[in-house]
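Reader: I am new to this structure and would like to understand the words used for it. Could you take me through them with care?

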Amino acid sequence: MSLEVKRYSINKCCGGSSTSMKISSPISMEMISYFIGVGFRESEHFTKNGILYVQNNDIILNGAVGSNTLSVKCKTDNCENSLNELEKILSNFG
């Protein structure tokens, strides 16, 4: 069974926006391990406090363990491509 992902864009001040992804199962410690296995770097001090905080060269993800919402921050100009790749990665989890 694959993970279902819904992407939401949230408008911020000054014309900016951020992206959240609602996933069909809660964030877990296994998900953090999965992200590490596909090339993300973990911030262990967040993990110890029950927060997923991982990043790669393109994006930063964070969310509370037990919730089903990921906040996504793009680190590159090609954000749409990075978000599409993230959705593929998420859909293969499980």
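Author: What follows is a set of questions about terms, each answered by setting a value against its definition.

Author: This is a predicted model, in which local features need pLDDT of at least 70 and side-chain atom pairs count only at pLDDT 80 or more, while totals for chains, interfaces and linings use all residues. Residues are numbered from 1 along each chain as its sequence is written, and side-chain values use heavy atoms, with hydrogens and water left out.

Reader: How many helices and strands does the chain have, and what makes a stretch count as one?

Author: Helices (H or I, at least four residues) and strands (E, at least two) are DSSP runs, numbered from the N terminus. The chain has three helices and six strands, and read from the N terminus the elements follow the order β-β-α-β-α-β-β-β-α.

Reader: Why is the chain called as compact as a globular protein of that length?

Author: The radius of gyration is taken over C-alpha atoms, and the globule rule is 2.2 Å times the number of residues to the power 0.38. For 94 residues the rule gives 12 Å, and the chain has a radius of gyration of 13 Å, which is close to that value, so the chain is as compact as a globular protein of that length. Along the principal axes, the C-alpha atoms fill a box of roughly 35 × 30 × 20 Å.

Reader: What makes Thr19 count as buried or exposed?

Author: Buried means under 20% relative accessible area, exposed means over 50%, and partly exposed is in between (1.4 Å probe, protein chains only). Thr19, which lies in strand β2, has a relative accessible area of 11% and is therefore buried. Contact means heavy atoms within 4.5 Å, and, leaving aside neighbours within four places in sequence, Thr19 is in contact with Arg7, Tyr8, Leu70, Ser71, Val72 and Leu83. Over the chain, buried residues make up 31% of the 94 residues.

Reader: Why is the pair of Glu80 and Arg7 called a salt bridge?

Author: A salt bridge is a side-chain nitrogen of Lys or Arg within 4 Å of a carboxyl oxygen of Asp or Glu. The closest N and O atoms of Glu80 and Arg7 are 3.0 Å apart, and the pair forms a salt bridge. Glu80 lies in helix α3 (residues 79–91) and Arg7 in strand β1 (residues 5–11), so the pair ties together parts that are 73 residues apart in sequence. Glu80, at 47% relative accessibility, is partly exposed, and Arg7, at 29%, is partly exposed as well.

Reader: Which other salt bridge does Arg7 form?

Author: Arg7 forms one with Glu87, where the closest N and O atoms are 2.8 Å apart. Here Arg7 lies in strand β1 and Glu87 in helix α3, so this pair ties together parts that are 80 residues apart in sequence.

Reader: What separates Lys88 and Glu85, and how do you know that they meet in a salt bridge?

Author: The side chains of Lys88 and Glu85 meet at 3.4 Å, N to O, and this is a salt bridge. The two residues are three residues apart in helix α3, and so are separated by about one helical turn. Salt bridges that share partners join Arg7, Glu80 and Glu87 into one network, and the structure holds three salt bridges.

Reader: What makes the link of Cys74 and Cys79 a disulfide?

Author: A disulfide is a pair of cysteine sulfur atoms within 2.5 Å. Cys74 is joined to Cys79 with an S to S distance of 1.9 Å, and the link is a disulfide. With 60 degrees about the S-S bond, this link of Cys74 and Cys79 is right-handed. Cys74 has a relative accessible area of 21% and is therefore partly exposed, and Cys79, at 22%, also counts as partly exposed.

Reader: What is meant by a nonpolar core, and how many residues does the largest have?

Author: A nonpolar core is a set of buried Ala, Val, Leu, Ile, Met, Phe, Trp, Tyr and Cys residues joined through side-chain atoms within 4.5 Å. The largest has 19 residues, and those with the most contacts inside it include Met31, Phe35 and Leu52. Helix α3 gives the most to this core, with four residues.
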